[in-house]
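My entries follow in the order I made them.

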Amino acid sequence: MPKPLWLLVIGMVINVTAASFLWPLNTIYMSQELGQSLAIAGLVLMCNAGAGVIGNLIGGMMFDRIGAYRTIILSIWITIISAFILAYNHTFFYYATLMVGLGFGSGMMFPAMYALAGKVWPEGGRKSFNAMYVAQNVGVAVGTALAGIVASISFDWIFLANGLVYVGLLLFVMTTFRSFASSREKSGATTNVFEQNQAIRSKRPLIALLILCVGFFICWVAYVQWQSTISVHTQNLGIHLKQYSVLWTVNGAMIVLCQPFIAFIVKRWVPTLKVQIYVGLAVFMIAYFVLTQATIFSMFLIAMIILTIGEMFVWPAIPTVAHQLAPEGKAGFYQGIVNSVATGGRMFGPFIGGVLADAYGMETLFYVLGSMFVLAFVTTAFYDRVLLTKRSEMFANKGMM
């Protein structure tokens, strides 16, 4: 990988490390320290993710207009200000409001970093985005491990540590990114939703991606429960906060260390991206049915290991399909759709899970989540039928000529 991409990878690790101080503990803090229900906590996280969706769109526009460097710097400043206000004012009103600020700032940062990754190593293809994906999970492993240690001392220190790590990110970006991130991107690598007024020759690839993303949305609704309802469930079962943090450390470590193993399996036994998604969905289903029987830490650990294996199949496959479907000049727009769908799952997932858990209990929630993957199988099976129709029309037109 070229040096600029390595610097981006390091920046992503620091960024996600900062974010990981808060997101695994948000629901626990709101329910146990602030006395809010799971549904209210889920609503706050939904607003946080909604702000992230808006931040994604604005960050994409700003990347096109003022370049990656200034977009990233502005987004970091927004997160720093929100984090330090939260460090000194974390009653529920401030908590709910500033989570929106953190979501917006973080949302601006991700599309700029991903688009810049594609720009600095265009010949790398999926390798650039896979490197950023792995970097995120290194940040998750480091951040959650540190968060568990800091929270065991004092929950209040979590907010201060979050702000300090963002300050470190700001200094790193200011001293390393300017040389390769200051120029404005003019090739349209990151096209945002508001600029898609130009006629697209065929909308079928876009329709195919949207169909596939229905299943991707379901995956994220289920996955985000580990950060919301499941985190509280483990506490109610008497599982220590440090042990819960270990689950995410294992998740991040597996994603980094098991890449060669997954690559071998994919190369040897998984012939297509579609089959890769099928395998991941099946593994996801197993993980959530294991959760229905989980009452001790070891069972949650087994479920997390299974979940992580599924994640390593599905998460990289969806952006790769989007990259393959994207017409020339629309790669950023298609990746933006994938990122927005993931953020939407993180947005609605905690609220949906909180309502189901409050009304019917955690076991029912796990069965519902496991069953929802059936729909994801259906959307995966049929998304490319649109493309087959297009090819049939092309052959028919050739025959008429």
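I began with the term: a disulfide is a pair of cysteine sulfur atoms within 2.5 Å. The model is a predicted one, and in it I found 0 disulfides.

Cys213 has a relative accessible area of 3%, so I noted it as buried. Cys219 also comes out at 3%, so it went down as buried.

The largest nonpolar core holds 128 residues. I listed the residues with the most contacts inside this core: Leu8, Ile72, Phe177, Trp226 and Tyr288. Helix α14, residues 297-325, supplies the largest share of the core, with 14 residues.

From that list I followed up Leu8. I left aside its neighbours within four places in sequence. Leu8 is then in contact with Met113, Leu116, Ala117, Val120, Met132, Phe177 and Phe180.

I located Gln276 in helix α13, which spans residues 273-291. Is Gln276 buried or exposed? Its relative accessible area is 6%, so I recorded Gln276 as buried. What does the side chain of Gln276 reach? I found the backbone oxygen of Phe313 at 2.9 Å from this side chain.

Conventions: Residues numbered from 1 in each chain as written. Predicted model: local features only at pLDDT ≥ 70, side-chain atom pairs only at ≥ 80, totals over all residues. Heavy atoms only, no water. Buried < 20%, exposed > 50% of the residue type's maximum accessible area, 1.4 Å probe, protein only. Helix = DSSP H or I, 4+ residues; strand = E, 2+ residues; numbered from the N terminus. Polar contact = N/O pair within 3.5 Å; in protein donor to acceptor, adjacent residues only side chain to side chain. Core = buried A, V, L, I, M, F, W, Y, C linked by side-chain atoms within 4.5 Å. Contact = heavy atoms within 4.5 Å.
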